[in-house]
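Here's a quick briefing to read alongside the model. Have the sequence and the 3D view open as you go.

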Amino acid sequence: MAEVILKNVSKIYDDNTKAVDNVTINIKDKEFVVLVGPSGCGKTTTLRMLAGLEDISEGEILIDGKIINDLPPKDRDIAMVFQNYALYPHMTVYENLAFGLKLRKFDKMEIEKRINEAARILGLEKYLNRKPKALSGGQRQRVAVGRAIVRNPKVFLFDEPLSNLDAKLRVQMRSEISRLHKELGATIVYVTHDQVEAMTMGDKIVVMKDGRVQQIDTPLNLYNKPVNKFVAEFIGSPSMNFIRGEILVENAQLFFQSALKNLTFLIPDRFKTPVIKHSIQQVWLGIRPEDIHLKTENSQTDNQVILESKIQLIEPLGNQTLVYSTFEDQQIISEHRGFLSSRKDATEQFLIDKNKIHFFDQETELRIETL
Ligand code: ATP
């Protein structure tokens, strides 16, 4: 069992920087939780407080119901894998794996048993006598993970472990760490600034900004039901598009009208209650790139509205095409299957499906459907 709870945790550094602000996260036993957010949002500080490498200014951290605020790192039963691997260059892989166990006075047989098991899980058997400099980046990363595994900790912490690897290896290590999670049945807290990593690995994702938790949810819910504009923009690549506008009421019907009045349409009923209840007027219309389609003859359905947009750039990627265009003063990115022929500077008619749109209050940036 390893259930981890962060309860109203804050970190204020000596220079008064509030790096983490009143963060509460409940992590269940065997859960894979990813902390994600832009640089400086406080994810590493949160992880370091959990590991005991940083004092907690306010709040409590509990493991299996026990407050660990004042417990030294070595007594927390937590193993951390760092971004730079932190391997000892003069030691072999075997010695690197054994080091932490020797310090903890494990006997030789037990050390050997644990190292062999970790080497098997990670495919490192062949490299046990090599020094780190004779290993590839991916192999070094595996040794760093192995060092955590041999300790058989209650909780694994990963701090951007893949950021030094090239794109292909990152994808491979991503699935290896996911497999490892299943095989070990471990509780994992994983920090990354890469939303793709977060989406593909986490059971649960914590999106942070400026030291605060924005949303804690499953990958799919974050994508489909982001609580605010920041989450909507951060999760998904290319990002969600936003069009500035306002909501007008006419004859008891609600319309969206873009800032320069080039787009007006009746908005779906699902927005009615929150818009009226909170008297919302100024909004951002949000639409994901894959939900914008090129209009072909007679292809418009009742639920779709036309967006006329001027093409700036077309990026054919083989299996799909990204189209960058401008609508009023906003750039719009749309994603199309296969190859798409259009001309730069041409004005095209795109279709937006009303079932796929989001609205965000300009003032609070909250998603209107969630209100
Ligand atoms: P990154 O992805 O760049 O590593 P992060 O989300 O992990 O960012 P943190 O490293 O936790 O962010 O930093 C959060 C904030 O705390 C930042 O504004 C950072 O400048 C500040 N900070 C970090 N360490 C200290 C320190 N020792 N003293 C003062 N401020 C600090």
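Predicted model: local features only at pLDDT ≥ 70, side-chain atom pairs only at ≥ 80, totals over all residues.

Residues are numbered from 1 along each chain as its sequence is written, and side-chain values use heavy atoms, with hydrogens and water left out.

**Ligand site**

- There are 13 residues around the ligand, and Ser39, Gly40, Lys43, Thr44 and Thr45 come nearest (to count, a residue needs a heavy atom within 4 Å of the molecule).
- The side chain of Thr44 has an N or O atom 2.6 Å from a ligand oxygen, and a polar backbone atom of Gly42 is 3.0 Å from an oxygen atom of the ligand.
- On the nitrogen side, a ligand N atom sits 3.4 Å from an N or O atom in the side chain of Tyr13.

**Pockets**

- A pocket here is an open set of points on a 1 Å grid over the protein atoms alone, with protein on both sides within 12 Å along at least five of seven lines, and lining residues have an atom within 4 Å of a point.
- Volumes are the space filled by probe spheres set on the points, with points joined across faces, edges and corners.
- The largest pocket comes out at about 500 Å³. Of its 23 lining residues, Met80, Phe82, Arg104, Arg147 and Arg151 are closest to the centre.
- Strand E6 (78–81), helix H2 (93–103) and H4 each give two or more residues to that lining, with H2 supplying the largest share, five residues (helices are DSSP runs of H or I with at least four residues, strands are E runs with at least two, and both are numbered from the N terminus).
- By class, the lining of the largest pocket has 18 nonpolar, one polar and four charged residues (nonpolar is Ala, Val, Leu, Ile, Met, Phe, Trp, Tyr, Cys and Pro; charged is Asp, Glu, Lys and Arg; the others, Gly among them, are polar).
- The second largest pocket is about 340 Å³. It has 20 lining residues, with Ile149, Asn152, Pro153, Phe156 and Leu184 nearest its centre.

- Helices H4 (137–149) and H5 (167–184) are the elements giving two or more residues, and H5 gives the most, with five.

- Ser309, in strand E16 (residues 304–316), is buried at 1% relative accessible area (buried is under 20%, exposed over 50%, partly exposed in between, with a 1.4 Å probe and protein chains only).
- A polar atom of the Ser309 side chain lies 3.1 Å from the backbone oxygen of Thr326.
- Beyond four places in sequence, Ser309 touches residues including Ser325, Phe327, Ala346 and Phe350 (contact is heavy atoms within 4.5 Å).
- Glu183 lies in helix H5 and is partly exposed, at 39%.
- Leaving out neighbours within four places, Glu183 contacts Arg120 and Ile121; Ile121 is 62 residues away in sequence, with 8.6 Å from C-alpha to C-alpha.

Methods:
Polar contact = N/O pair within 3.5 Å; in protein donor to acceptor, adjacent residues only side chain to side chain. 1 Å grid on protein atoms, 1.4 Å probe; cavity = no way out; pocket = protein on both sides within 12 Å on 5 of 7 lines; lining within 4 Å.
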